[in-house]
Amino acid sequence: LDQLVTQYIEAIKKTREEGPYTLVGYSNGGIVAFEAARQLRRDGDEVELFLIDTCNPMVYEQPHHFDESRLLAAFVHDVAGHAGFVSELDADTLRTLTSQQKRLKTAYHTVLQLTGPQLTQEAFETSYHHFKQITQACLKYWPKPLQGGITLVRSGNPSAEQIDDETLGWSSFANEGVKLFEVEADHFELIGDRLAESIVKLIDL
């Protein structure tokens with residue numbers, strides 16, 4: 001994650017040497033945005049940080065919470081969800097299969113049945129590999145407190161497991177608190193066309 005954050009900060013600085021900056025991160029991308037904002041603020045830059053349905057990775061059990069089957073089921077859930085479908089493939093079903101290749105094949109055919117032939121199996125497996133790398137990096141990340149505040153836009157209709165903290169674990173990591181907006185939409189609808197204008201307006205407030 002550190003390497004990815006460094007690349008983003010270098011790209012930001014190349015575009016504009018000094019703040020103010022506005023960083024927006026959705027889902028796992030919010031973890032990258034959080035760390036980038038933390039480092040930029042630490043170094044004296046003014047940064048507005050918006051997280052869209054991003055959970056602090058410390059709310060999850062470590063490290064067994066996401067094994068290979070759980071990661072693959074989560075990826076299928078995401079691919080299907082962004083296409084407007086719901087996947088019922090779960091980690092327990094994938095764990096009954098005897099090899100990773102069989103699990104990948106089952107996962108791919110699940111997506112194929114839901115969304116049609118939008119991805120080849122090779123493209124599906126490549127995308128999963130990137131998803132796995134990013135997710136594992138985020139799960140290993142232990143955030144440090146952030147100077148300033150966070151604006152959090154979260155789903156009012158969570159499609160995944162419930163998180164007890166309404167700030168999704170961020171309240172104790174921002175010394176100026178979390179400004180919360182809850183939107184009646186699921187995780188995937190938050191970045192869909194229907195809500196795009198509303199989300200942009202929140203960021204522009």
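Reader: At what relative accessibility does His82 count as buried, partly exposed or exposed here?
Author: This is a predicted model. His82 lies in helix H3. Buried would need under 20% and exposed over 50%. His82 falls in between, so it counts as partly exposed, at 45%.

Reader: Which residues does His82 touch, not counting those up to four places away in sequence?
Author: Tyr141 is 59 residues from His82 in sequence, and the two C-alpha atoms are 25 Å apart. Leaving out residues up to four places away, the contacts of His82 are Tyr26, Phe188 and Ile191.

Reader: At what angle do helix H3 and helix H6 pack?
Author: H3 covers residues 68-82 and H6 covers residues 121-140. Their crossing is right-handed. The axes lie 10 Å apart, and the angle is about 115 degrees.

Reader: How do the residues of the contact of H3 with H6 divide into nonpolar, polar and charged?
Author: H3 brings Glu68, Leu71, Leu72, Ala74, Phe75, Val76 and Asp78 to the contact. H6 brings Phe124, Ser127, Tyr128, Phe131, Lys132, Thr135 and Gln136. The division is three charged, three polar and eight nonpolar.

Reader: What is the order of the strands in the open sheet?
Author: The sheet has four strands, with parallel pairing. E1 and E4 each have a single partner strand, so one side of each is left without a neighbour in the sheet. Neighbouring strands are turned by 15 degrees against each other on average, direction ignored. The order is E1-E2-E3-E4.

Reader: How many bridges pair E3 with strand E4?
Author: On the E2 side, E3 is joined through three bridges, running parallel. Ile52 stands opposite Val153 there. On the E4 side, Ile150 has Val178 as its bridge partner. E3 and E4 (residues 178-183) also pair in the parallel sense, and their bridges number six.

Reader: Why is E3 largely enclosed by the rest of the structure?
Author: In a regular strand, side chains alternate between the two faces of the sheet. In E3, one side carries Ile150, Leu152 and Arg154, and the other carries Thr151, Val153 and Ser155. Both faces are covered. E3 is largely enclosed because its buried residues number six of six.

Reader: Which helix lies across E1, E2, E3 and E4?
Author: The helix spans residues 193-204. Its direction runs at about 150 degrees to E2. It is H7.

Reader: Which element gives the most residues to the largest nonpolar core?
Author: This core has 25 residues. Leu23, Phe34, Leu40, Leu49, Ile150 and Trp170 touch the most other members. Two or more residues each come from H1 (2-15), E1 (21-26), H2 (29-42), E2 (47-52) and E3 (150-155). The top contributor, with seven residues, is H2.

Reader: What is Trp170 in contact with, leaving aside its neighbours within four places in sequence?
Author: Trp170 is among the core residues that touch the most other members. Phe34 and Ile150, also in that group, are among its contacts.

Conventions
Residues numbered from 1 in each chain as written. Predicted model: local features only at pLDDT ≥ 70, side-chain atom pairs only at ≥ 80, totals over all residues. Heavy atoms only, no water. Axes fitted to C-alpha atoms, helices over the stretch in contact; angles between N-to-C directions. Left-handed = near helix turned anticlockwise from the far one by under 90°. Contact = heavy atoms within 4.5 Å. Nonpolar A, V, L, I, M, F, W, Y, C, P; charged D, E, K, R; others polar. Core = buried A, V, L, I, M, F, W, Y, C linked by side-chain atoms within 4.5 Å. Buried < 20%, exposed > 50% of the residue type's maximum accessible area, 1.4 Å probe, protein only. Pairing = 2+ DSSP bridges.
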